[in-house]
Amino acid sequence: MSMYFCIDGETLWNPSNGAGRLFLRQVEVFEAELNLPSGIGQGKYWGDPDTLEVVPAVYADFARSLVAWYCRTGHSVILALSEGFVATAVALARRAG
């Protein structure tokens, strides 16, 4: 099984369910930390909980703010804890254009 992160029916990323769930949980953490929505919503296609629509403009704002936040912090533990998520979020943003 796997998840689909899509824009207008085009798949941007198709991770395994475990990796996708972990990413989504981290999305929630960073939405709260940044006080911004991510633009990633569950079940937008056919009621399928494993397909997530990405709203491009909202996700772009989230990704830009995430990178700015990451670059501003000098805290080594925060950097270590967030590095993998930020890298994945940026890769998804690049695929989204």
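1. Helices here are DSSP runs of H or I with at least four residues, strands are runs of E with at least two, and both are numbered from the N terminus. After α3 comes Gly97, with a positive phi near 85 degrees.

2. This is a predicted model, in which local features need pLDDT of at least 70 and side-chain atom pairs count only at pLDDT 80 or more, while totals for chains, interfaces and linings use all residues. Residues are numbered from 1 along each chain as its sequence is written, and side-chain values use heavy atoms, with hydrogens and water left out.

3. How far apart are the end C-alpha atoms of α3? They are 29 Å apart, which agrees with the 30 Å that its 21 residues should span at 1.5 Å a residue; the expected span is 1.5 Å times one less than the number of residues. A kink of about 45 degrees is centred on Ser82 in α3, the bend being the angle between axes fitted to the seven residues ending there and the seven starting there.

4. Ser82, Phe85, Val86, Ala89 and Leu92 are the buried residues of α3. Buried means under 20% relative accessible area, exposed over 50% and partly exposed in between, with a 1.4 Å probe and protein chains only.

5. Thr73 lies in the loop between α2 (56–72) and α3 (76–96). Thr73 counts as buried because its relative accessible area is 19%.

6. Phe23 is in contact (heavy atoms within 4.5 Å) with residues including Phe5, Trp13, Phe85 and Leu92, leaving aside neighbours within four places in sequence.
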